[in-house]
Amino acid sequence: MLDQRLLRNDPTLITAPLARRGLATDLSGLQQLALQARDLEQQRSELQAEGNRIGREVGERIRAGAAPGGDEVKELREQGNRIKQQVAELEEQEKGIETQLLEQLMVLPNLPSPLCPTGRSEADNVEVKRWGTPRQAAAGVEKLQEHWQIAERLGIVDTERSVRIAQSRFVTLLGQGARLERALINFMLDRHAGRGYTEVLPPVLVNTASLTASGQLPKFAEESFRCAEDDLWLTPTAEVPVTSFHRGEVLAAEALPLKYAAYTPCFRREAGSYGRDTRGLIRLHQFNKVELYWFCRPEDSEAAHEQLTGDAEAILEALELPYRRLELCTGDLGFSAVRTYDLEVWLAGAGTYREISSCSSCGDFQARRASIRFRDGKTTRLLHTLNGSGLAVGRTMAALLEAGQQADGSVKLPQALVPYFGAEAITAVS
RNA sequence: GGAGAGGUGGCCGAGUGGUCGAAGGCGCAGCACUGGAAAUGCUGUAUAGGGGCAACUCUAUCGAGGGUUCGAAUCCCUCCCUCUCCGCCA
């Protein structure tokens, strides 16, 4: 959520950055609402002060000997009642305006960082780095296969039976596939733990307040699965429970930065993605992800963003997976982000880079929604939050399958993974 | 799910209608004492929002939301949570 003071004092400080996102917003109405809310609050608190004064006076008179039912007190009581009435009216107005204000404010996205390049769509994202050498099919050899072809051939994933169990866009991993998924999760968590992250295994059913705090609600309700009877939702990313882990807290400055690595399954309705990525492990309603999350001081968040992204990259490098880093332009930036790096892994079979991690700095946007502060000397300040995938596990498996495919049908795994998987390769079924 | 008990400041804990944002203790900070420290003494020590250059000031907050009252931490209602016992279950 954006700072209401900006809105009251100078809405152009909001509209100009939002224009860089390609959003033409007229905030004059909203500014009026904010000013009205402020004025009403002022009026109301003055009246309340008067009411408090009267209340105190009644007490004093009674203690001084006035009859509680006498005329002297009765008149004050009537005054008090009139004020109470007026306060109630003002409160009702105030509530109405506050509700409207919040409704509109909650659906405004975060302001992009000045560092975020201006652009209209993903076509304007800026490639800032490349690592590794993409594998090409050897000369004279048949084309490299895509991961779903490999997985089916090896019998490590069953899509058809998953539809029986649930729906399309769900998969069941089997045998070496299930084992590889588990190995990857452990591998990632261990690596991050070695870099100062605290491992977290949070609830994956989250309440509405949690989903609102991190920015998924109220605007993107159709993207999450909901348990209708319970005010609970299936979390679309561990960012949600981890943000709310500290919701409403004031953290000690010395505790910052807090760095968490959270493995969770993630659930997304993928509304509006019919027909895209229908095969394989790329776009599923349920997938596993290890999420990196920082709570830090505002002045540290830029450096934190680089570090967090580097920590995600370290996984790709350890797995010998070629990737590139893109800086998202303003037009492609997510709702809560001020700045985002996407990591795209090379899919050797598909012959393309695909997003495998998205590392965002959210400034104080989520901290304000979630009311997460830190003690800064005598006062408290909103802190900054950052999140990034480290990594999406299913997509990592897809990349590994395509990168490691061998002529004999097996899939060779990177050395770093061998202790976790317990073998050098996924072996072909005879 | 059933029965009972309870939710007060960073922590413990008093407060059952009146000047209570809240005694007391612990913790923490500053000062004094000390060669230095401990012990001791004194002082200070919640959060959010509004106004003000500031000093400061007003409002709200004692789990949350409503209600009664001139006045609520204190009375009433609803909900949430914690603990104990029973049931159920991995």
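In the predicted model, three strands make up an open sheet of mixed pairing, arranged in the order β8-β14-β15, where strands (E, at least two residues) and helices (H or I, at least four residues) are DSSP runs numbered from the N terminus, and where two strands pair if DSSP finds at least two bridges between them. Because β8 (250–251) and β15 (379–382) stand at the edges with a single partner strand each, one side of each lacks a neighbour in the sheet. The strands β8 and β14 run parallel and are joined by two bridges, and Leu251 is placed opposite Phe374 in β14.

Strand β14 (373–376) also belongs to the surroundings of the RNA, since together with α3 (28–63) and α4 (71–105) it is one of the elements that each supply at least two residues of the surface near RNA strand B, a residue being near a strand if one of its heavy atoms lies within 4 Å of it. Of the 23 residues around RNA strand B, those that come nearest are Arg8, Arg38, Gly55, Arg63 and Thr380; of the atoms of RNA strand B that come within 4 Å of the protein, 69% belong to sugar and phosphate. The most is given by α3, with 14 residues, and the surface as a whole divides into 11 charged, nine polar and three nonpolar residues, with Asp, Glu, Lys and Arg counted as charged, Ala, Val, Leu, Ile, Met, Phe, Trp, Tyr, Cys and Pro as nonpolar, and the others, Gly among them, as polar.

An N or O atom in the side chain of Arg8 is 2.5 Å from a phosphate oxygen of RNA strand B, and for Asn52 the distance to a phosphate oxygen is 3.2 Å, whereas the side chain of Gln48 places an N or O atom 2.8 Å from a sugar or linking oxygen.

Arg283, in the loop between β9 (258–267) and β10 (286–296), is buried, with a relative accessible area of 13%, buried meaning under 20% (1.4 Å probe, protein chains only). Leaving aside residues up to four places away in sequence, Arg283 touches Arg169, Glu270, Ser273, Arg276, Asp277, Arg354 and Arg395, contact meaning heavy atoms within 4.5 Å.

Residues are numbered from 1 along each chain as its sequence is written, and chains are lettered from A and ligands numbered from 1 in the order in which they are written. Local features of this predicted model need pLDDT of at least 70 and side-chain atom pairs pLDDT 80 or more, while totals for chains, interfaces and linings use all residues, and side-chain values use heavy atoms, with hydrogens and water left out.

Key:
A polar contact is a pair of N or O atoms within 3.5 Å; within protein, one must be able to donate a hydrogen and the other to accept it, and residues adjacent in sequence count only if both atoms are side-chain atoms. Buried means under 20% relative accessible area, exposed over 50%, partly exposed in between (1.4 Å probe, protein chains only).
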